[in-house]
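User: I want to learn how to read sheets and helices. Can you walk me through an example?

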Amino acid sequence: MAYAIAEQALQAAVIQPPYDMRFLADVIKGLSSTPKSISPKYFYDENGSRFFDEICQLKEYYLYKTELALLPRVASDLAGMLTGSFSVVEFGAGSLQKIRPFLRNIPAIKSFYPIDISGAYLRDTTRKLQAEFPDVAMQAVEGDFTLPVHLPEPSATREQRLGFFPGSTIGNFTPEQAKRFLLNARKTLGDDAYLIIGVDTKKSPDILHRAYNDDKGVTKRFNLNVLSRINREFDCDLKLSDFEHYAFYNPVEGRIEMHLVSQTHQTVNIVGTDITFRSGETIHTESSYKYTPQEFMQLAQSAGWRIERTWLAGEAMFSTYLLRVDH
């Protein structure tokens, strides 16, 4: 249905530029719905990926630094557990910083396939990583990691697959979507696979609030960038000054919610489709669910994975799990 709407929008337009039809369909569907929403995967064009790299360096954003400090311990432990040959598949790879402790410390890793929706940015970061680790075969895979992904054919020597999904990106999904991702990851990785996954923990609402409302306003610019992307790709006239960044912790749902709030009553045209915003109406751009270890164990088991190992950062600020397909 969303794609039919997008096709109608294109037919109504005077010109037929090479739009990303999936993005257009999702934008029109999401902004025509009540409440309005845009998937957080659309944050990550080249500009958005760079904004997120800036966020990771902020003092308020504990997730990146805490997980990065934990990963060398995870890699060291895995080096003693993994034997044979492995290919690592990173979902939503981004800047490729977090894979480095694994490539340095785990000799069993022979190849690396980073998957990301932002193809140009991914290819650039993969080239730089390849120069740093020339003995590991690497191939960037542009695609939507929330769906089953077709990976390149394996080498002649059989390599077992190890999925890598850091950053608590799984928290961006609703629990049902998270289960679907874990099911799709099983299809992508195969029946004899492992998965390393980072999961943020429930903690003080004050810590969570500051992590998504930084003093420098980088998260605000990151959030507004999705509107810039719509303007750029669809030749729209959304005024960024008419929207405000708004992020808060919802303790009932156990999640951070990030929104863009319309400051005026306005109507904008997106490729022939009029979208009306009431003053005060929001676009829900991201959720970030937090999980206790027990909650995440139940989620993993519901998708056919079992937890083999758990690592917790100090004061349980962050968790990393080693999952194995449960036959």
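Predicted model: local features only at pLDDT ≥ 70, side-chain atom pairs only at ≥ 80, totals over all residues.

User: How do strands in a sheet pair, and in what order do the four strands form the open sheet here?

Analyst: Strands of a sheet pair through backbone hydrogen bonds, either parallel or antiparallel. Here the order is S1-S12-S9-S8, with mixed pairing. Strands S1 (36–37) and S8 (243–250) are the edges, each pairing on one side only.

User: How many bridges join S8 to S9?

Analyst: Eight bridges join them, and the two strands run antiparallel.

User: Now helix H10. Which of its residues are buried?

Analyst: Buried means under 20% relative accessible area. In H10 (residues 293–302), those residues are Phe296, Leu299 and Ala300. Seen down the axis of H10, they fall within an arc of 95°, so they line one face of the helix.

User: What do the buried residues of H10 pack against?

Analyst: They pack against helix H7 and strands S7, S13 and S14. Just after H10, Gly304 takes a positive phi of about 85°.

User: Which residues are buried in helix H3?

Analyst: Gly48, Ser49, Phe51 and Ile55 are buried in H3 (residues 46–55). Their arc around the axis is only 160°, so they sit on the same side of H3. What covers them includes helices H6 and H9.

Notes
Residues numbered from 1 in each chain as written. Heavy atoms only, no water. Pairing = 2+ DSSP bridges. Buried < 20%, exposed > 50% of the residue type's maximum accessible area, 1.4 Å probe, protein only. Arc of directions from axis to C-beta. Contact = heavy atoms within 4.5 Å.
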